[in-house]
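Have the structure open and follow along.

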Amino acid sequence: MGAGGRTATHWWESRAFVVAATFVAVVPLLWPTVPPLVDLLGHMGRYRVQLAIGSNPWLNDWYAFKWQLIGNLGVDLLVIPMAKVFGLELGVKLIVMAIPALIVAGLLWIAREVHGRIPPTALFALPLAYSYPLQFGFVNFALSMGLAFVMFGLWLRMARLGRLKARAVVFVPLSCALWVCHTFGWGVLGVLAFSAEMIRQHDLRKDGRGGHWLESWVRAGLGCLPLALPMLLMVLWRSGDHVTGQTADWFNWRFKIQWITMILRDRWLAFDIASTAVLLLVLMKGLRDPGIEYSRHLGLSTLFLVAVYILLPRIVFGSAYADMRLAPFMVAIALIAIRPKPGLSMRGAAVLAAIGLAFFLVRIGAQTVSYWMFDQTYKREFAAIDRLPPRARLLTFIGYSCRNTWTMSRLEHAPGLAMVRKMAFANDQWSMPGGQLLTTRYAAAGRFAHDPSQIVTQYRCPRQWWRPIGLAMFKFPRDAYDYLWLIDPPRYDRRLTAGLTPIWRSGRSVLFKVDHGAPGPVYDPATMKAPLY
């Protein structure tokens with residue numbers, strides 16, 4: 001029964017709308033050959049090594065790849081069959097396309113299970129399928145969140161149908177698979193399932209005085225035991241000597257507020273901030289408007305997620321942006337928690353749905369244009385890769401600004417595509433033992449072997465490891481590399497290119513061949529600006 005006792009199905013509540021919205025969610029990714037997500041190109045380089053290192057032994061001279069059970073393997077595992085059928089690049093693209101589709105379908109399914117039908121306000125949550133964490137290229141994480149939402153919809157449905165024993169059996173392997181995809185998704189599923197089970201247990205046992213919350217808490221914990229097996233996997237993963245990285249930066253309120261403002265960050269600051277403001281206004285309307293209200297089920301889930309967000313540090317086991325990743329999905333759950341109160345007119349509900357749909361379509365349209373623009377940049381810059389021979393030892397310097405500009409270039413891991421297409425060595429790979437399956441071991445490259453050595457700036461940036469471009473071009477080990485690729489670099493002294501022969505150029509970007517027989521630059525303080533600025 002819907003608001004006001006209505007039983008008719010309206011257009012935003014229909015299965016046809018869910019299917020259409022799920023398809024619309026993938027439209028921005030249809031055009032680009034490579035999804036323009038910041039870290040994705042680096043991950044694709046790792047996938048190439050993963051797939052090819054067994055039959056291309058020279059890769060062992062540059063990288064160490066070792067399979068191990070970690071909570072961060074979603075796309076790494078899926079890409080194995082997908083690459084065999086579609087090739088690596090198309091296989092990755094298809095997997096990434098599934099992420100926003102899963103998020104949209106999962107959010108609508110959850111809303112349907114909790115409210116009995118999809119409320120019109122749920123449409124405002126759909127643009128969060130392209131939230132900042134996805135733009136950053138956290139693909140294992142984003143995939144796990146899409147799967148977590150779909151699994152939570154299934155969790156609620158099986159409870160509604162009274163199939164609790166079957167649910168307990170089904171969710172043991174599902175929770176383990178979700179943990180393997182990414183630990184974060186498993187954790188969020190646990191929080192959502194526990195809060196929903198608390199409400200269910202409380203409502204089952206309430207009498208004239210109301211249910212006992214402490215008893216409901218205990219019973220909810222018992223009901224969620226099928227989700228607990230990955231705790232053992234987590235202990236085994238994070239207790240090994242190979243695990244590195246600190247957990248730090250707790251309760252950094254400045255960043256936590258910033259992450260909320262950045263939940264829709266992509267290209268246009270004013271547009272993205274205004275879009276976020278719309279979502280926050282909808283949340284405020286749920287608190288103040290007498291015609292709409294928050295669901296107890298998802299309202300409690302939102303409060304739990306807010307508590308987790310507050311308690312999460314910014315860095316967990318050396319992996320940054322831990323709390324940032326949760327912010328958009330916390331907001332998404334809050335948005336689908338809102339529903340019309342009984343008595344809201346059909347006209348009022350239809351107006352809300354129409355505004356929500358318009359908001360979704362405008363954001364998807366803008367995302368499509370943005371990705372098309374990034375794809376044009378990719379095509380222009382990646383033409384340099386065609387000039388590389390297979391097995392090239394490639395050093396890349398990518399221009400960056402000390403200021404955290406709103407529009408990220410999406411080129412920060414461009415050399416990963418040279419690994420994909422030419423099986424070249426690239427200096428953008430992460431070396432995080434215990435966090436990634438691949439580590440860099442090219443000793444000749446020294447401190448120019450791995451991330452963030454590919455990032456260069458005009459001047460030294462405070463509290464950053466990035467090198468100024470003058471220092472990087474003066475210091476890099478020329479014997480270790482055959483090619484130097486400058487991508488939109490800052491200004492540099494042209495005398496630093498001594499011993500480098502340009503073989504491709506586009507705008508400010510240039511690909512050099514290193515002449516190992518020619519002398520490199522000589523620092524003359526009388527005539528050359530110091531490369532150490």
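C402 is partly exposed, with a relative accessible area of 44%; on this scale buried is under 20%, exposed is over 50% and partly exposed falls in between, using a 1.4 Å probe and protein chains only. Keep in mind that this is a predicted model, where local features need pLDDT of at least 70, side-chain atom pairs count only at pLDDT 80 or more, and totals for chains, interfaces and linings use all residues. Residues are numbered from 1 along each chain as its sequence is written, and side-chain values use heavy atoms, with hydrogens and water left out.

Which residue does C402 form a disulfide with? The partner is C461, and the two sulfur atoms sit 1.9 Å apart; a disulfide here is a pair of cysteine sulfur atoms within 2.5 Å. Searching the whole structure turns up one disulfide. The torsion about the S-S bond of C402 and C461 is about -80 degrees, so this disulfide is left-handed. C402 lies in the loop between β4 (394-399) and α16 (415-422), while C461 is in the loop between β6 (455-457) and β7 (467-468), so the pair ties together parts 59 residues apart in sequence. Helices (H or I, at least four residues) and strands (E, at least two) are DSSP runs, numbered from the N terminus. C461, at 4% relative accessibility, counts as buried.

Now for the core. The largest nonpolar core has 169 residues, and F397 and W485 touch the most other members. Such a core is a set of buried Ala, Val, Leu, Ile, Met, Phe, Trp, Tyr and Cys residues joined through side-chain atoms within 4.5 Å. Helix α4 (residues 88-115) gives the most to this core, with 14 residues.

Last, a helix pair. The axes of α1 (residues 15-24) and α15 (residues 346-381) come within 11 Å and cross at roughly 25 degrees. Axes are lines fitted to C-alpha atoms, for helices over the stretch in contact, with angles from 0 to 180 degrees between N-to-C directions. Angles under 35 degrees count as roughly parallel, and α1 and α15 are therefore roughly parallel to each other. F17, A21 and V24 of α1 make the contact with L357, F360, L361 and I364 of α15, where contact means heavy atoms within 4.5 Å.

Notes
Angles under 35 degrees count as roughly parallel, over 145 as roughly antiparallel, 65 to 115 as roughly perpendicular and the rest as oblique.
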